[in-house]
Amino acid sequence: MAKVLQKVKNRAEVIRLNAQGWYVEKIATHFNWASQTVRAVLHKLEEFGIESLWEKPGRGVKQAWKEEDIEFLEECLKKEPRTYNSFQLADKLEKERSIKLSPDRLRRVLKKRGSFGKELFS
């Protein structure tokens, strides 16, 4: 998120510097960008207006899982007497929900939600 905000700030700064009379090459040097990148920011401003500062929605990789899939795993961790490691949970998710998620990614998602490990549900 911080990376996206920095991009917006940089684009706004490019527009401000251009409005103050800075040349494209000087702005490009200031940001350590190519001149064409600065020109692209300015052309997008002309074409789309102030909305061109922000990223369009829908960019990036879509997540393969839904909230219900993770809740399903959390219920398994709560109710079943056995313990799972991330490889086993990823396998269970793939077999029962047809969701392919790497064990590392699954572990990060569960850890972020605070739901990894049996001791967290006691």
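This is a predicted model: local features need pLDDT of at least 70, side-chain atom pairs count only at pLDDT 80 or more; totals for chains, interfaces and linings use all residues.
Residues are numbered from 1 along each chain as its sequence is written, and side-chain values use heavy atoms, without hydrogens or water. Local features need pLDDT of at least 70 and side-chain atom pairs count only at pLDDT 80 or more, while totals for chains, interfaces and linings use all residues.

Start with the largest nonpolar core. Such a core is a set of buried Ala, Val, Leu, Ile, Met, Phe, Trp, Tyr and Cys residues joined through side-chain atoms within 4.5 Å. Buried means under 20% relative accessible area, exposed over 50%, and partly exposed in between (1.4 Å probe, protein chains only). This core has 15 residues, and W65, I70, L73, L89 and L106 touch the most other members. The elements giving two or more residues to it are α4 (67-79), α5 (86-97) and α6 (103-113). Helices here are DSSP runs (H or I, at least four residues), numbered from the N terminus. α4 gives the most to this core, with five residues. A second, separate core has twelve residues, including V8, L17, V38 and L53.

I70 shows the contacts in detail. Contact means heavy atoms within 4.5 Å. Not counting residues up to four places away in sequence, I70 touches W65, L106, V109, L110 and R113.

Now turn to α3. In this helix, V38, V41 and L42 are buried. They cover an arc of only 90° around the axis, so they sit on the same side of α3. The arc is that of the directions from the helix axis to the C-beta atoms. An α-helix has 3.6 residues a turn, so residues three or four places apart point the same way. The buried residues of α3 pack against α1 (2-19) and α2 (24-31). On the other side of α3, Q36 and E47 are exposed. Just after α3, G49 takes a positive phi of about 80°.

The lining has 16 residues, of which R11, K44, S52, W54 and E55 lie nearest the pocket centre. A pocket is an open set of points on a 1 Å grid over the protein atoms alone where a 1.4 Å probe fits, with protein on both sides within 12 Å along at least five of seven lines; lining residues have an atom within 4 Å of a point.

Finish at S52, in the loop between α3 and α4. S52 is buried, with a relative accessible area of 13%. Leaving aside neighbours within four places in sequence, S52 is in contact with R11, K44 and L45.
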